[in-house]
Amino acid sequence: MTPEPPAPRPIQAVFFDIGETLINEGEIYGRWADWLGVPRHTFLTKLGALLATGRDHMDLFEYFRPGFDLETEEKRRAEAGVPNGFGPDDLYPDARACLSGLRGQGLYVGIAGNQPVEAAAQMAALGLDADVVGISDVWGIRKPSQEFFERCAQLADVLPEHVLYVGDRIDNDVRPALAYGMPAAFLRRGPWGHIQEDLRDDREALGGCLFVLDDLACLPGLVERHNAP
C-alpha cells in the first residue's frame with residue numbers, strides 16, 4: 001500500500017512588516033524632531049496622542065509644521081547631509097535570528113511594508129535572511145489594500161491561508177490580512193503596537209490573530225509547534 005503523502009504544513013510562508021516590526025523607528029522620529037526643532041520627548045508624546053485618536057505620523061508633521069510636505073523636507077535633509085531612513089543600528093536585536101530560524105524550517109520568508117523607494121536599498125544593505133523584500137512605493141501598492149497581501153501570497157506561491165503576516169499595527173496589518181484570509185501575528189511594540197492594543201475596537205480584532213507576540217524571538221518556536229504533525 002502506498003503511504004499517503006504528508007499533509008501540507010499550515011504555515012508555509014511568513015511575511016514581516018518593516019517599521020516597528022524589524023526596524024526600531026525611535027531614532028528615525030528623533031532625527032525628524034531635531035530637524036523640525038522640537039524636543040524629542042515632546043515630538044513622541046504628541047505622536048502617541050494622535051495615534052490614540054486614529055490619526056497618524058503625517059498629522060504629527062503637520063501639527064508641528066503646518067503645510068508640511070514630506071518630499072520637500074526629505075530633499076532638504078538630504079541636501080543638508082541629514083538623510084532620512086534606517087541602517088544596521090536601527091534593526092531590532094531579535095529580527096535577524098527570527099528570520100533565519102524560520103528559513104531554517106524550510107519556510108518562505110518575506111519582508112514587505114509601507115516604505116519609500118529608498119528603503120529597498122536600505123533593507124538590502126542589512127543582509128537579512130529573507131527570500132524577498134517588498135517595498136510599497138516600489139510595488140505601487142500600499143497597505144491596507146488587499147492587493148498588497150495578495151502580492152505577498154503570489155510571491156510565496158502558496159495560498160493565502162498558508163501565509164502568516166507579522167506586524168505591529170492592527171489597522172494596517174492584522175485586519176487587512178485577516179480580511180484577505182491570511183493568518184496574522186500581532187507584535188506588541190512601538191507606538192502603534194501599544195496604543196492600538198488598548199483601544200476597544202482593536203482589542204476585539206486581536207481575537208482573530210494566530211499569535212500575539214511581545215517579541216520576535218519566540219516566533220520560530222511557535223510556528224514550528226503550530227506546524228508539527
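1. The model is a predicted one, in which local features need pLDDT of at least 70 and side-chain atom pairs count only at pLDDT 80 or more, while totals for chains, interfaces and linings use all residues. Residues are numbered from 1 along each chain as its sequence is written, and side-chain values use heavy atoms, with hydrogens and water left out.

2. Lys 143 sits in the loop between helix H7 (136-139) and helix H8 (146-156); helices are DSSP runs of H or I, at least four residues, numbered from the N terminus. Its relative accessibility is 6%, so Lys 143 counts as buried (under 20% relative accessible area, with exposed over 50% and partly exposed in between; 1.4 Å probe, protein chains only). Leaving aside residues up to four places away in sequence, Lys 143 touches Asp 17, Ala 112, Gly 113, Asn 114, Phe 148, Phe 149, Tyr 165, Asn 172 and Asp 173, contact meaning heavy atoms within 4.5 Å.

3. Helix H1 (residues 26-36) packs on helix H4 (residues 70-79) at about 85 degrees, the axes being 12 Å apart. Axes are lines fitted to C-alpha atoms, for helices over the stretch in contact, and angles run from 0 to 180 degrees between N-to-C directions. H1 and H4 are therefore roughly perpendicular (65 to 115 degrees; under 35 is roughly parallel, over 145 roughly antiparallel, the rest oblique). Arg 31, Trp 32 and Trp 35 of H1 meet Leu 70, Glu 73, Glu 74, Arg 76 and Arg 77 of H4. By class, this contact has three nonpolar, no polar and five charged residues (nonpolar: Ala, Val, Leu, Ile, Met, Phe, Trp, Tyr, Cys and Pro; charged: Asp, Glu, Lys and Arg; polar: the others, Gly among them).

4. The axes of helix H5 (residues 95-103) and helix H12 (residues 219-227) come within 8 Å and cross at roughly 20 degrees, which makes the two roughly parallel. Cys 98, Gly 101 and Leu 102 in H5 meet Leu 219, Pro 220 and Val 223 in H12. The contact of H5 with H12 has five nonpolar, one polar and no charged residues.

5. Thr 45 lies in helix H2 (residues 40-51) and, at 57% relative accessibility, counts as exposed. The Thr 45 side chain reaches the backbone oxygen of His 41 at 2.7 Å.

How values were computed. Polar contact = N/O pair within 3.5 Å; in protein donor to acceptor, adjacent residues only side chain to side chain.
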